[in-house]
Amino acid sequence: MSYTVRKFDAVIVGAGGAGLRAAIQLSEAGLKTAVLSKVFPTRSHTVAAQGGVAASLGNSEEDHWHWHMYDTVKGSDWLGDQDAIEFMCRKANEVVVELEHYGMPFDRLDNGKIYQRPFGGHMSNFGEKPVRRSCAAADRTGHAMLHAMYQRNVKANTQFFVEWQALDLIRDEEGDVQGVTAMDMETGDVVAFHARATLFATGGAGRIFHSSTNAFINTGDGLGMAARAGIPLEDMEFWQFHPTGVAGAGVLITEGVRGEGGILRNSAGERFMERYAPNAKDLASRDVVSRAMVTEINEGRGCGHNKDYVLLDITHLDPGTIMKRLPGIREIGLQFAGVDCIKEPLPVVPTCHYQMGGIPTNYHGQVVVHDQVINGFYAAGECACASVHGANRLGTNSLLDLLVFGKSAGETAVADLQQGRAHKPLHTASIDKTLARLDRLNTQKGGANVHEARLAMQRTMQKHAGVFRFDNLLKEGVAEILKVSEDVARTEIKDKSQVFNTARVEALELDNLIEVATATMISAEARKESRGAHVRDDAHDTAETPNGRDDKNWLKHTLWYREGNRLEYKPVQMKPLSVETIELKKRAY
Amino acid sequence: MNAAAESAIDPRLGRLRWHCRRALLELDLVFQRFWDKVGDDLDIETADALERLLALEDHDLWYLVSGREETDDPQLQPLLYRLRQL
C-alpha cells in the first residue's frame, strides 16, 4: 500500500467546537492549516450541546470568575487542576464576546446584552445561591457556535478535508510529533499530513458504553491514536452519566421532565427517590439519582422482562403541559421506546454522557507527559484533559472548555511556529506501522466480526464499569475487556472496496474505542475510592473519607499507558495562577 | 430499480450510508434502522429523496423525521413516512 505526502504548517484533527476555534487562531495568523473531519464540520457532535456556555459576564446579576472557579473546583471533586480552572474561568468572558463578534446569535436581554440563565452547580459568592451564568442561543447553542466559527474559518482560508478518517500520529524516535496519517473516505487513499504542529480536537468516546447519549461519530479517535503512539491517557475512569437515557437507545430525556413533575418508579410502582433523597426526591443531583436507579435495578426492582430499567412517569401531568413545556419528549418516547408518555411511563437507565479524562495537556493546550511538552502536539476539547473537569464536569463548562482551550492550543501552536520550528525529515517508519495496520485489516481471514466485537466491548463496559462500581465486577471487567481487545486485534471486513467503505471505517473506529475502553476499565479498577463520577460501593462515607473520597491516597491523576497496560500517577495542581488554593472539603450541595 | 444492481448508483450507496452519520444520536438511530431494513435495496427515487434530506441541518432534519414538523414537499413525504414508521 502506498501513500502521498502533503505539507502544512498545522494539521487539526476534528472540526467540532475545539478544532474550529483552534483553526481560527492558526489560519488568521497566516499559517497554512488543514482541518480533517469525518463529517461535515457543522455536523460534529458539538451540535448536540444545548445548555449554553458558562461565563461570569454578570449581565443579569453580580458574578465573578472567582466564584465560577470555585464552583468548577468543587464540581470536579477537587481533581481538577486549579491553574487550568482559573485560566478557563478568567478567559470565559473574552471567548464569549469574541464568539459574539464572529456572529453567534446569543439570546439577549431587553438592553441588548447577552441573556444568561441559571444552570446546575453554578452559584454566586462561593456556593451561596444559584447565579445566571449560562449564555445560550435558544436550544441550539452548539449548532449556532459551529456555524459562526465555520464561517470565520472559511474567511480565514482554513483548508478543510471533509470525510477523512485520521489513522495515526506520525511520531519520531525523539518523541516529536510530525503530523498524522489519514484516509480519504471517498477514494480510500492514504495521505501523510506532514505538519509543524498537530492538534487533536477529536471529541469524546462515549460509544464505548452500551447505553450512551453520544452520536455514533464519538469513537475516541484522537485518544486511540495518542495511545498507540505511546502517549498516556489521563483520568479515564471518570465518565459522567446522565440519569435518564431511553433504555436500549440512549437518547437523552432532559432533566426538565423531572423539573416539570416527572417521577421515577420501580417495578412495584414505588416512587423510590423518596427513600434516597427525601427532600429533593426526583430532583436530586445527577449522580445521586443515577446511583439510586442502579441500586433499584441491582436489587431486582427494575422493570421489564430483564428487570434492567426503571420508569419515568409523567402520565399524571396534563397532556397540554407536556406538549407545551416538554416539546419533543413525546416524539422521543414514541420513536425510541414505542411508548406514548402521555399514557404510559418511559423506560429509562443512567446513560454515559461525557468523558472527563483524555490526552494530558497543560492549560496552554500542549500535550505534556512527565512534565515534558511533546514537541509539535496539542489537544483541546473533550479529547483532552487539561484538567478542568476533574472527576465531574459542571454543565455548560464543556462548551467553555472547547472555546478557551481551542483558542489557547491554537495560540500556543502559532507562537511555537513563529519561533521557527521547522518540518523535521518525515519519520516514514511510523507511517509504515499504520500501513501494516491497514494491511492487516484488509487481508484478515477468519477474524472477528466488527459489530459483534463492538457490542461485546460496550456490554462489558456497561456491566463492569457503569455508573456504580463494584470491586469484583471491575476485576472481572479487566479480564473481559482484555479478552475483547484480542478480538479487536483480529477484526475482519468482508467488503474490501475503496469508495466510502463504511465497514472499514467502523473497524478503524473500533481500534480506537478499544484503547479507551481498556484505559477506562484498568484505571477504574485501580482507583480504590469514590470521587465525582467514579463511585465504588466499597468506598464508605467517613470523616476521613467524605462521600468515600480518599484524599490521603487518591488526590492524584491517573495515567494509563497502552504498553503493558501500565498505570502511573501524577499530582493534582492545587495551586491556582493568582489566587489562593480552594481548599479540600466535602462536596455537598 | 434496485440501486445495488445499478452500477451508476453503487458508489452512491456508501456515500449515503456515511452521510447518515449525524451530530444527533436520535438521527443515527433512525437511519441505522432504515439501513437495517433496506440493506442495499434502495431505489433511485428513495436515494434521491434521502440525499436531499441528508443535506438538511440536524435539528431541522430531526423535527421532520420525528413528526414535530411537516413538509409539503411531495418528493420527501414518502421517505419521511417510512422513517417515522421504523
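Modeller: Helices (H or I, at least four residues) and strands (E, at least two) are DSSP runs, numbered from the N terminus. This is a predicted model, in which local features need pLDDT of at least 70 and side-chain atom pairs count only at pLDDT 80 or more, while totals for chains, interfaces and linings use all residues. Residues are numbered from 1 along each chain as its sequence is written, chains are lettered from A and ligands numbered from 1 in the order in which they are written, and side-chain values use heavy atoms, with hydrogens and water left out.

Biologist: Where in chain A does A:Asn565 lie?

Modeller: A:Asn565 is in the loop that runs from β21 (556-561) to β22 (566-571) of chain A.

Biologist: What is the value of phi at A:Asn565?

Modeller: Most residues other than glycine have a negative phi, and most peptide bonds are trans. At A:Asn565, phi is positive, near 50°, and the residue is not glycine. A:Asn565 is partly exposed because its relative accessible area is 26%; buried means under 20%, exposed over 50%, and partly exposed in between, with a 1.4 Å probe and protein chains only. A:Lys281, also not a glycine, likewise has a positive phi near 50°. Its loop connects α7 (273-276) with α8 (286-298) of chain A, and A:Lys281 is partly exposed, with a relative accessible area of 26%.

Biologist: Which peptide bond is cis?

Modeller: The bond from A:Ala386 to A:Ser387, where omega is near 0°. A:Ser387 belongs to the loop between β18 and α11 of chain A.

Biologist: How should I read strand pairing, and what order do β10, β21 and β22 of chain A have in their sheet?

Modeller: Strands of a sheet pair through backbone hydrogen bonds, either parallel or antiparallel. Here two strands pair if DSSP finds at least two bridges between them. The sheet you name is open, has three strands in the order β10-β21-β22 (chain A), and is paired antiparallel. Its edge strands, β10 (233-234) and β22 of chain A, each pair on one side only. Between β21(A) and β22(A), which run antiparallel, there are six bridges; A:Lys556 stands opposite A:Pro571 of β22(A).

Biologist: How many residues lie between β4(A) and β5(A) in their hairpin?

Modeller: Four residues, and in that turn A:Asn125 has a positive phi of about 50°. β4 (residues 116-124) and β5 (residues 129-135) of chain A run antiparallel and are joined by five bridges. A:Ser124 has A:Lys129 in β5(A) as its bridge partner.

Biologist: Does β1(A) run parallel or antiparallel to β9?

Modeller: Parallel: nine bridges link β1 (residues 4-13) to β9 (residues 190-200) of chain A, and A:Arg6 is the bridge partner of A:Phe193 in β9(A). β1(A) also pairs in the parallel sense with β2 (residues 33-37) of chain A, over four bridges. There, A:Ala10 has A:Thr33 of β2(A) as its bridge partner.

Biologist: Is A:Leu167 buried or exposed?

Modeller: A:Leu167 counts as buried because its relative accessibility is 1%. Its place is in strand β7 (residues 164-171) of chain A. Contact means heavy atoms within 4.5 Å. Not counting residues up to four places away in sequence, A:Leu167 touches several residues, among them A:Met183, A:Val190, A:Met225, A:Arg437 and A:Leu508.

Biologist: Which residues lie nearest the centre of the largest cavity?

Modeller: A:Gly381, A:Ala384, A:Cys385, A:Ala386 and A:Asp401, out of 13 lining residues. β18 (384-385) and α11 (397-418) of chain A each supply at least two residues of that lining. By type, the lining has eight nonpolar residues, four polar and one charged; Ala, Val, Leu, Ile, Met, Phe, Trp, Tyr, Cys and Pro count as nonpolar, Asp, Glu, Lys and Arg as charged, and the others, Gly among them, as polar.

Biologist: What is the secondary structure of chain B?

Modeller: Chain B has five helices and zero strands, in the pattern α-α-α-α-α along the sequence. Of its 86 residues, 51% are buried. Among contacts in chain B between residues at least 6 apart in sequence, 58% join residues at least 24 apart.

Methods:
1 Å grid on protein atoms, 1.4 Å probe; cavity = no way out; pocket = protein on both sides within 12 Å on 5 of 7 lines; lining within 4 Å.
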